[in-house]
Amino acid sequence: MTAFWTEADYDDHELVEVVRDPKSGLTAIIALHSTHLGPGAGGTRFWHYANPEDAMRDALRLSRGMSYKNAMAGLPMGGGKAVILADADKTKTPEMLAAFADAVEGLGGRYVTAEDVGISEADMAAVAQRTQYVSGLPVEGEDAAGGDPGPFTALGIFLGIKAAVKHKLGKDSVEGVHVAIQGTGSVGGGVARLLAKEGAKLTLSDIHEDRAAALAAELGADTAASDAIMSVACDVFSPNALGAILDDAGIARLDCQVVAGGANNQLQRPEHGPMLAKRGILYAPDYVINAGGIISVTLEYLCRNDKAPCDINEVRKRIAQIPGRLEQIWQESEATGASPDQVADRMAQDLIGR
Ligand code: NAD
């Protein structure tokens, strides 16, 4: 048996808890990477893993990612993540969610959960029946922080793309700038709409081709097949679907000046950041540019606990700081020769005292 703390993804996590509830059939892992800045915040993923080692790796990697993302977004939260190990049929029962909620409650607020892949707003509302340490719940009224994080993530990415276009191409607007978008779901679709409003030229792609085609028709955009989008000649490639797309082959195919999009964990391995830089492509580190959603979800949680204003303008104000943070990273990258992802990691580590 290999101990998980000998894994490359184990980074002196403060706590790793395995939750087993034989009655409901729940097996879950809650990983708290750092609570240096506040309670470890990050969603719960409900996923069928090929083996428990993959689930452990996911929990460790994702919780560290949340430490970095929350720190760089200036939020008073640390990094945590939970994974629920689903069976092959992805059976999810109220009893399982109840047992999971009790485990979160048992941590006494050191971990605050929310939705992630496979977990809906309704699931989180069920979890919230048994623990107060939940965010990402439905909110009432258009002016309240919280609710679906997708549009807030999209807003941050739009602003980040504008900053990258200014930095790399010297343009104040995205009018006429060609952006190729991979994935036209909640985030990618929102980014496309914001860019179209400012006159960008768009090429859209989704494995659900009808989804990309419908949006392209609405926005007057072109489409590309999902296996061709990464080699489209464009100014900006915006990945908003899968992680790990920036691997050796993916980077070799790119024909753009900038990579800026919302997908989590875009770099397959650490060496792929410097590889992008070597090709002269400006990279917006994913966990910095895609923080809009976590900003909204966190302010919703803090507002419910009387620790932050419940005002959507506060969310917008904080999202508007994303471009400045990116600019700081790019300037430091140019000054030091480190790639933007390396600069961002170093900044995040400093903030969390690592
Ligand atoms: P989503 O499920 O709404 O959309 C993803 C889209 O990508 C879908 O339309 C899907 O068909 C498409 N897709 C999947 N594989 C593809 C491929 N190979 N090529 C082209 N399209 C493909 O998800 P989302 O909420 O828009 O999230 C997108 C990405 O952004 C994910 O990586 C997610 O982890 C990340 N992210 C999302 C948020 C948020 O607030 N929703 C916040 C931070 C990061």
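Two residues are in contact when they have heavy atoms within 4.5 Å. Keep that in mind for the exercises below. This is a predicted model, where local features need pLDDT of at least 70, side-chain atom pairs count only at pLDDT 80 or more, and totals for chains, interfaces and linings use all residues. Residues are numbered from 1 along each chain as its sequence is written, and side-chain values use heavy atoms, with hydrogens and water left out.

**Exercise 1. The whole chain**

Work out what share of the contacts with a separation of 6 or more comes from residues 24 or more positions apart, and how compact the chain is.

*Solution.* 
- Start with the contacts: residues 24 or more positions apart supply 65% of those with a separation of 6 or more.
- The chain has 13 helices and 12 strands.
- Now the radius of gyration, taken over C-alpha atoms, is held against the globule rule, 2.2 Å times the number of residues to the power 0.38. The radius is 20 Å and the rule gives 20 Å for 354 residues, so the chain is as compact as a globular protein of that length.
- Along its principal axes, the C-alpha trace spans about 55 × 45 × 40 Å.
- Last, burial: buried means under 20% relative accessible area, exposed over 50%, and partly exposed in between (1.4 Å probe, protein chains only). Buried residues are 52% of the 354.

**Exercise 2. Helix α5**

Find which residues of α5 are buried and what covers them.

*Solution.* 
- Locate α5 at residues 186-197, 12 residues in all.
- Check its length: from first C-alpha to last it reaches 17 Å, close to the 16 Å expected (1.5 Å times one less than its number of residues).
- List its buried residues: Val187, Gly188, Gly189, Gly190, Val191, Ala192 and Leu195.
- Look at what lies over them: the cover includes the helices α4 (150-169) and α6 (209-219), plus β7 (178-182) and β8 (201-205).
- Step past the end of α5 and you meet Gly199, with a positive phi near 90 degrees.

**Exercise 3. Rings**

Count the aromatic pairs in the whole structure, then say which residues form one cluster.

*Solution.* 
- The rule first: rings of Phe, Tyr and Trp (its six-membered ring) pair if their centres lie within 6.5 Å; planes under 30 degrees apart are stacked, over 60 edge-to-face, and the rest tilted.
- The search finds 3 pairs. In one of them, Phe4 and Trp5 have ring centres 5.1 Å apart and planes at 80 degrees, so they are edge-to-face.
- Phe4 also meets Tyr10, with centres 5.8 Å apart and planes at 70 degrees, so this pair is edge-to-face too.
- Put together, Phe4, Trp5 and Tyr10 form one cluster.
- As for accessibility, Trp5 is exposed at 56%, while Phe4 is partly exposed at 24% and Tyr10 is partly exposed at 23%.

**Exercise 4. Charges over rings**

Find where the charged end of Lys90 sits.

*Solution.* 
- The test is NZ of Lys or CZ of Arg within 6 Å of the ring centre and within 35 degrees of the ring normal.
- Lys90 has its charged end over the ring of Trp47, 4.3 Å from the centre.
- Lys92 lies over the face of Phe46, 5.0 Å from the ring centre.

Key:
Helices (H or I, at least four residues) and strands (E, at least two) are DSSP runs, numbered from the N terminus.
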